[in-house]
Amino acid sequence: MSERRIGIVMNGVTGRMGRNQHLMNSIAAIRKDGGLPLADGTRLVPDPILVGRDKDRIAAVAKAAGVEKWTTDFDAALGDKDYEIYFDGVTTTARAGNLKRAIAAGKHIYTEKPISVGYEEAESIYREARAKNIKHGVVADKLWAPGMYKLRQLVKSGFFGKVLMVRIEGCYWVFEGDLQPPQRPSWNYKKAEGGGMILDMMPHYFYMLEAMGGRPLDVVCSADTLVKKRWDEKGKPYNADADDSLMSISRLTNGAMAQIMSSWCVRVRTEDIIVMQVDGTDGSAVAGLNHCYTQRRENTPKGQWSLDVAEPLDFYRDWQKVPEVEPYKNAFRIQWELFLKHVVEGGDFPWNLRAGAQGVQFAEAAEKSWKERRWIDLPDLKG
Ligand SMILES: NC(=O)c1ccc[n+]([C@@H]2O[C@H](COP(=O)([O-])OP(=O)(O)OC[C@H]3O[C@@H](n4cnc5c(N)ncnc54)[C@H](O)[C@@H]3O)[C@@H](O)[C@H]2O)c1
């Protein structure tokens, strides 16, 4: 069987997402499996060069991943024609500049979200990529989490009839850092460093809503910083000033109403950390990251209000679990594989910089709505 090498400049792999999801669970895992089988039987073998600012840290990550090449010279890596793809998983504020440099160098782009801090810049990144005629992709990992994937299959099968309402709850408690180590980096809670729930999560929620059949047309949002004191990676206290909680409402292009509630200051007593419920004329479904449950029109129990009698119905009873019918791989790896195939074999890849720019537009509009206390429209991105 023949092999084809594909060079990838990977930046940000000393970080949480870059290292765990993109390097270890995706690129290193594909290499370990001997490459990605293509339609013509060739195996596509990713050959990454890791870029970092600290020599010792990047060398240690390369060693752990079984990767031979690493560098601290970002420009030299971008200038090396042996590497066709640039991956960016660095901290949010550094992303836009990196993407623009990589596009100018003619690399195909695969990047974490958000693609920039503001919409104007996001749109210009998309336009520059189009002008260079390169391939581009933006992480939309939630779509391949097993529960969300099952939900998308339900949309595809026409299960819902007309979608009426979509509700997303993405909530869990992120430790402050004094009692237990925090699960997320401290920059997430500092506005000046690109932190905040709106900028972090609205790009995800944009593509999750779109996958239910309708892009958001508008948004009204309120947000707040509920936990104001946190402790950083070194145990030092700091003032958290980035929004850590949001509530928003949108109208989708398919006519459905959408509601998002997202917080790092809520304790979980639901199906999962992210739960999406879709109600349609023919049926409803609730999905967490892993599982998905449906209730058809014919199975809908008769609920009634009564303050006099304890509710006799178990509302969980009439939901059916969607079975596992295929093995699920890591969601980041699945999207990486689709992107690599898109680069070498062509075909559609809708989770691109255009979609990434729309995700930033959604975040920016939500922030504006909150600050100005009004509805904001989301015009479609032209081109
Ligand atoms: N897809 C998802 O589910 C998901 C989840 C969390 C975070 N993210 C995104 O991934 C990105 C990284 O988040 P993280 O949690 O891994 O953060 P992190 O702090 O763990 O990692 C940040 C990385 O960027 C590097 N970096 C920091 N400042 C830099 C600079 N000025 N120039 C170059 N490199 C710099 C760090 O060395 C590190 O490698 C963020 O943009 C975030 O929005 C995505």
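Biologist: Of the 93 residues in the largest nonpolar core, which touch the most other members?
Modeller: This is a predicted model, in which local features need pLDDT of at least 70 and side-chain atom pairs count only at 80 or more, while totals for chains, interfaces and linings use all residues. Residues are numbered from 1 along each chain as its sequence is written. A nonpolar core joins buried Ala, Val, Leu, Ile, Met, Phe, Trp, Tyr and Cys residues through C-beta atoms within 7 Å, buried meaning 20 or more other C-beta atoms, placed from the backbone, within 10 Å of a residue's own. Of the 93 members, those touching the most others are Leu50, Val166 and Ala366.

Biologist: How many residues of domain 2 are in contact with domain 1?
Modeller: The C-alpha centres of the two domains lie 28 Å apart. Counting contacts as C-beta atoms, placed from the backbone, within 7 Å, 17 residues of domain 1 meet residues of domain 2 numbering 16.

Biologist: Which residues does Leu50 touch, beyond four places away in sequence?
Modeller: Residues up to four places away are not counted for Leu50. By the contact rule above, the remaining partners of Leu50 are Met10, Val13, Ile58, Val61, Ala62, Val67 and Trp70.

Key
A residue is buried if 20 or more other C-beta atoms lie within 10 Å of its own, exposed if 12 or fewer, and partly exposed in between; C-beta atoms are placed from the backbone. Two residues are in contact if their C-beta atoms, placed from the backbone, lie within 7 Å. Domain bounds come from an automatic or database domain assignment.
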